[in-house]
Amino acid sequence: MNITIERQASLGKLNTLGVESTAAELVTVTHEGQLPAATCTTIPLVLLGGGSNVVLRKFVNARVVRIAIRGMNFEKLDDGRIRVRAGAGENWNELVRATVGRGIAGLENLVLIPGLVGGAPYQNIGAYGRELAEVLESVRVFDLQERVFRTIPNADCTFRYRDSLFKSDCRDRYAITSVQLLLGDCILEASYRDVRTSVKDWPAYAMSSRTIAETVARIRRRKLPDYRTHGNIGSFFKNPTLTYEEYDSLLGRLDIPGFKENQKVRVPAARLIDACGWKGRSIGKVDVWHRQPLVLVNRGGASGSECLNVSKLIADDVHSQFDVTLELEPIVMGDDA
């Protein structure tokens, strides 16, 4: 199928951090049949979705292939569950709203997460007690190595905290074209602290996927800035995982909750950053959000490198004070040369 190549293309409106960046080439794919041609290039290749989990430096010396494949389909199965297929270029929040509007449970805790559907399995998005891995059936991809389309079942996606086959194990090998979810048999998840506090006095008959979604949406709006007015990519850091010995040592210096995960303990990065006094601080054109220190905000005109410099200052401070290493959550693309 035919494709259009834009050269020296601006990516400023294609990332939620709102930083300026220029790609050597930009190709927008609206149908999976365009992918073989779009990804056939002699220069480096970069895949881009909604730009909600990426920090762009000044130049991306590559062909940037923007996945904008749309489409949603709902199929009721014999066992009562609903199989949902959605193109990678669909807005994630619109997909959540579409399921909630139909009374289909499973995605309500993931409402208002910015970005596109294709980024969801890449990142194994999760929020307020639920991860995508719990409801995803399979992912359809174009294999850039074998040059064929294939379907990868959940069991082969190696999902883990904010990670997957697509992000780490086989990074740059697969272009995600669509996802397939199995919904409708999920128990409503309200155990996350903020959600639990909000619904603790509700009668059982008032609990539904819609009410959970509305509750989570209120919490997110209260805590997190809207990228349309305050450029950001959500959490800049992952929550670190510690050994039990490291956690005990940390408790000697800071009152911080720990959550068991396999044989380790995960701790909130926001608590560490806040304890170092970063919440609400500004450096140049970059703000540390006053309600959630995991979020860095481009106040206007900041570059990707400026945001990364602030994140390094924060990570260095946390390591110096608490001997805990913070890992970046977003992907960094390009350079400033």
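In which helix is glutamate 245 found? Glutamate 245 belongs to helix α7, which covers residues 244-251.

**View 1. The whole protein, a predicted model.** In this predicted model, local features need pLDDT of at least 70 and side-chain atom pairs count only at pLDDT 80 or more, whereas totals for chains, interfaces and linings use all residues. Residues are numbered from 1 along each chain as its sequence is written, and side-chain values use heavy atoms, with hydrogens and water left out. The protein has nine helices and 19 strands, which are DSSP runs numbered from the N terminus (helices H or I, at least four residues; strands E, at least two). Of the 337 residues, 50% are buried, where buried means under 20% relative accessible area, exposed means over 50%, and partly exposed lies in between (1.4 Å probe, protein chains only). Along the principal axes, the C-alpha atoms fill a box of roughly 60 × 55 × 35 Å.

**View 2. A patch of negative charge on the surface.** Glu245, Glu246, Asp248 and Asp323 gather in this patch, a term for residues with over 30% relative accessible area and no salt bridge, in which like charges are joined within 9 Å and nonpolar side chains (Val, Leu, Ile, Met, Phe, Trp, Tyr) within 5 Å. A salt bridge, in turn, is a side-chain nitrogen of Lys or Arg within 4 Å of a carboxyl oxygen of Asp or Glu. Glutamate 245 is exposed, with a relative accessible area of 60%.

**View 3. Arginine 281 in its loop.** Arginine 281 lies between α8 (269-275) and β16 (282-283), and is partly exposed at a relative accessible area of 37%. Its C-alpha atom is separated by 20 Å from that of phenylalanine 322, 41 residues apart along the chain.

Definitions and conventions: Areas by Shrake-Rupley, 256 points an atom, 1.4 Å probe, with all protein chains shown as cover. Lys, Arg positive; Asp, Glu negative; His and termini not counted. Charge placed at Lys NZ, Arg CZ, Asp CG, Glu CD.
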